[in-house]
Amino acid sequence: MKNILVTGGTGFIGSHTCFSLLSEGYNVYVIDSLVNSSKKSLLYIEEIFRRKDIDISNKLRFFEGDIRKKDFINYIFKTALKEKKPIDGVIHFAGLKDVAESVIKPLNYWENNFFGSYNLIKSMKENNCKTIVFSSSATVYGFSSDNLLSEDTQLKPINPYGSTKLAVEKLLNDITQDANENWKIAILRYFNPIGSHESGLIGENPFQKPNNIFPAIINSAYTKEKLKVFGNDWPTKDGTCIRDYIHVMDLAESHLKSLNYLIENDPQLLILNIGKGRGISVIELIKTFENVNNISVPFEFDKRREGDVCQLVADNSKLKSILNWSPTKSLEEMCIDGWKWKNLNPKGYL
Ligand code: NAD
Ligand code: WQD
């Protein structure tokens, strides 16, 4: 398998995964509508390779377009075929991911995340491409009292964003029931990806004011505006919420490992939690960021954020046993690399 279509490939996780795929010698076709990203991320990927005297320009093709248009997806499959590089598999990141926005604009989320995925899967079938790795999220678990979330934990999303992710999971599950179709599918449920490539040349580039903790920490360290820490009265060691942070390069690597696993094994549906399996509190994250970067992060406590859960940590034993792999990068590396990206690109890709 040589040629991979990456939907949402100019975005945060997509761009890092494109880098990993290219490093492993894959040809990469990217489709992205640029609704939440810049195609400059691909230029910076080329720059990382150029610095190692490697020219990847003929291995990376960008198609600006929307997965809500099936004809456009078909066009990419046909183009790849004409170029004698037929698409062997798809890594599917494209989608909207802002939980709060999904509550206000649920139809937009269903259209982009569900209908877009439906189109993609239909186009894959029409073009006889049956291998896909799908970006799901720990958000499909909703509120859970389990300390560690295993893949068997009950799925109960609590917002439209989560509902669309679960709906795509169900669609993927349904199509694998037809054994004649030979689908090879991996559903990866990410926990909290942060950091950036160690070069600091690619990273997270949110178009709107960041709602997630890591871009918010970076913003406060940079601007000295006070970060609001949502709640210090949670039943945890320091009263702040616990999450399972994973370096985005580890997350990218997990896509390669999953893809290779699918290639080498029989048709199946594989569902994996992708996290480090280690709970970190908001205060621990802030303090680690301050220490390793020698910079202060001004913050104040605020009330709990509506819809927050106290703790979300992966049971990643299935990941370890099936892929024989686990994330290696430390919280310190996540903080160093993320801050490097900010300092090299204070305005993102603008
Ligand atoms: P991102 O917004 O940086 O990347 C998503 C990309 O998809 C963007 O480049 C955007 O322009 C593109 N896109 C959106 N709708 C599209 C459409 N209809 N057609 C074509 N392109 C479209 O987000 P990310 O953090 O890189 O997330 C990637 C995927 O991982 C998403 O599906 C997200 O739901 C999922 N995910 C992210 C996180 C996280 O914390 N970042 C956690 C769990 C799951
Ligand atoms: C982490 C912790 C906040 C911002 C979200 C999505 C989920 C997934 C990952 C895509 C919480 C606290 C945050 C701030 C704070 N994305 N916080 N001040 O809530 O685990 O999950 O991102 O799939 O779907 O819901 O991540 O980064 O928003 O919050 O104190 O300014 O940081 O209360 O405890 P979360 P997060």
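This is a predicted model: local features need pLDDT of at least 70, side-chain atom pairs count only at pLDDT 80 or more; totals for chains, interfaces and linings use all residues.
Which residue in β2 is the bridge partner of T7?

The bridge partner of T7 is I31, which sits in β2.

Now look at β2 itself, which spans residues 27-32. In a regular strand, side chains alternate between the two faces of the sheet. You can follow that pattern here: N27, Y29 and I31 point one way, while V28, V30 and D32 point the other way.

Are these residues buried or exposed? On either side of β2, they are buried. That makes six of six residues, so the strand counts as mostly covered, with buried meaning under 20% relative accessible area.

## On to strand β3

β2 has another neighbour to meet. Strand β3, residues 60-64, pairs with β2 in the parallel sense, again over five bridges.

## Around ligand 2

Let's move to ligand 2. How many residues are around it? There are 19, and the ones that come nearest are S137, Y161, K228, R243 and D308. By type, the shell contains ten nonpolar, five polar and four charged residues.

Which elements supply at least two residues each to this shell? They are α7, covering 213-223, and β8, covering 227-230. Strand β8 gives the most, with four residues.

## Polar contacts and cover

Several side chains place polar atoms by oxygen atoms of ligand 2. For S137, an N or O atom of the side chain is 2.7 Å from a ligand oxygen. In N212, the corresponding distance from a side-chain N or O atom to an oxygen of ligand 2 is 3.1 Å. T139 has a polar side-chain atom 3.3 Å from an oxygen atom of the ligand.

How much of ligand 2 does the protein bury? Taken alone, ligand 2 exposes 690 Å², and 86% of that is buried by the protein.

Notes. Residues are numbered from 1 along each chain as its sequence is written. Chains are lettered from A and ligands numbered from 1 in the order in which they are written. Side-chain values use heavy atoms; hydrogens and water are left out. Buried means under 20% relative accessible area, exposed over 50%, partly exposed in between (1.4 Å probe, protein chains only). Two strands pair if DSSP finds at least two bridges between them. A residue is near a molecule or strand if one of its heavy atoms lies within 4 Å of it. A polar contact is a pair of N or O atoms within 3.5 Å; within protein, one must be able to donate a hydrogen and the other to accept it, and residues adjacent in sequence count only if both atoms are side-chain atoms. Accessible areas come from the Shrake-Rupley method with a 1.4 Å probe; for residues, only the protein chains shown count as cover. Ala, Val, Leu, Ile, Met, Phe, Trp, Tyr, Cys and Pro count as nonpolar, Asp, Glu, Lys and Arg as charged, and the others, Gly among them, as polar.
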